[in-house]
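Have the sequence and the 3D view at hand as you read.

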Amino acid sequence: MGNTPIRLLVVGIIALSICAAATPAQELQAGAIVDRVECAADPSQTYALYLPSAYSPDRQWSLLLAFHPAARGRAMVEKYQAAAEQYGYIVAASNNSRNGPYAASIAAAQAMVADVSRRFSINPQRVYLTGMSGGARVATGIALGNKSNIAGVIASSAGYPDAKPRSNVAFAVFGTAGTEDFNYLEMRLLDRKLTSPHFLAVFRGGHTLPPDDVAFDGLEWMELQAMQSGRRSRDGALAGRLLEKQRARIASATDSHEIVYLLNSVVADFKGLLDVSAEARRLEEMSLQPEVKRALKREQDADNAEGRMLGDIFDLEARLAGDNRDVALMGLRDRLTKLARKAAEEAETPERSQARRVLRSITAGASGRVQDGEYLKILEGFRQPAR
């Protein structure tokens, strides 16, 4: 997504903060998913909707705007319905935004934002975005162009529109990725680079929406960030419950690098809200332990190795159009065969997950990278089952 389309969306989001509750909501059932709400200004634009069962225009509500790569609005609403009900979020998910020309997603986002802002009473300080894959790129693209208006983004299986990591953004980022997701490395690098509030939830699976409990965690985490930023009042009971939930996760974690990551997050997320001095001390102690340092280095080395692996294969692909095509093709076949052997192993290991991710990365969108028919046919034999 280029800068121009992002700028076009600024108008739509700003309109939400200006026009919130400008007209009363139509009779839409609260506490149940509505599959299709037609935008008053353009009935060809529709969205799936969830209103919390307690919805009333007498107060302002948080808003979660969602984008699916295949225009499956209901799937996005279903994923966040439980958390939206508990924490008071209106969820609206476009039935028009999909992978393809960004102009279509821009039009869908503008229409949905304008319609939601006219129908419902929205808290302009509590506007969030979420998306899956290409929908995540739409969500982060909007947020990047609306720096002061968006409170946070839940980005599943993809990051920024240009896929480039950033050190700081003006909104909180909760990322999700499966262990066999072909965008896993992108999400790891996004998380590693960011210094502004962020968290990455990794689950067993592929390129897909997160499990229901992870999606629930995403909105809960946004509640914590809202307390930290002053976008919502502090709630000691809620913060305490969420801290205990995180402490239970730390207690059940077995990998030292995971424990360090969770401790780091707890200190960042709860500092100033609750006493996390014990976690801060444990984090400092663990960070000095040689075996922990080695574990963290192994994890980063694995990410770097995966990046090099992909880079080497892409370089060989580029050589298919040159004089040494046969040599490049032989090298590609050799690398793909080795990856396929590792990917087919019965034991679930980080190396097997990595091989499956790399194969998915290579086969996904290959026709857009190379035009060599023989190579594309070879790739079909290495395509991994969807997960």
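A cavity is a set of points, on a 1 Å grid over the protein atoms alone, where a 1.4 Å probe fits but cannot get out, and a pocket is an open set with protein on both sides within 12 Å along at least five of seven lines; lining residues have an atom within 4 Å of a point. Points are joined across faces, edges and corners, and a volume is the space filled by probe spheres set on them. This is a predicted model, in which local features need pLDDT of at least 70 and side-chain atom pairs count only at pLDDT 80 or more, while totals for chains, interfaces and linings use all residues. Residues are numbered from 1 along each chain as its sequence is written, and side-chain values use heavy atoms, leaving out hydrogens and water.

**The largest cavity**
- The structure holds one cavity of 30 Å³ or more, and the largest cavity has about 30 Å³ of space.
- Its lining is made up of Val173, Gly175, Met187, Leu190, Asp191, His198, Phe199 and Leu200.
- Two or more of these residues come from each of β7 (172-178), α5 and β8 (198-203); helices (H or I, at least four residues) and strands (E, at least two) are DSSP runs, numbered from the N terminus.
- Five lining residues are nonpolar, two polar and one charged, where Ala, Val, Leu, Ile, Met, Phe, Trp, Tyr, Cys and Pro count as nonpolar, Asp, Glu, Lys and Arg as charged, and the others, Gly among them, as polar.

**The second largest pocket**
- This pocket holds about 410 Å³ of space.
- Of its 16 lining residues, Ala163, Phe182, Asn183, Glu186 and Ser361 lie nearest the centre.
- Both α5 (184-193) and α10 (290-318) supply at least two lining residues, and α5 gives the most, with four.
- The lining of the second largest pocket has ten nonpolar, four polar and two charged residues.

**Arginine 357**
- Arginine 357 sits in helix α12 (residues 350-363).
- Arginine 357 counts as buried because its relative accessibility is 6% (buried means under 20% relative accessible area, exposed over 50%, partly exposed in between, with a 1.4 Å probe and protein chains only).
- Its side chain reaches the backbone oxygen of threonine 179 at 2.6 Å.
- Beyond neighbours within four places in sequence, arginine 357 contacts (heavy atoms within 4.5 Å) Thr179, Glu180, Asp181, Phe182, Tyr184 and Glu306.

**Aspartate 372**
- Aspartate 372 is found in the loop between α13 (366-369) and α14 (373-380).
- With 13% relative accessibility, aspartate 372 counts as buried.
- A polar atom of the aspartate 372 side chain lies 3.0 Å from the backbone nitrogen of tyrosine 375.

Terms used: Polar contact = N/O pair within 3.5 Å; in protein donor to acceptor, adjacent residues only side chain to side chain.
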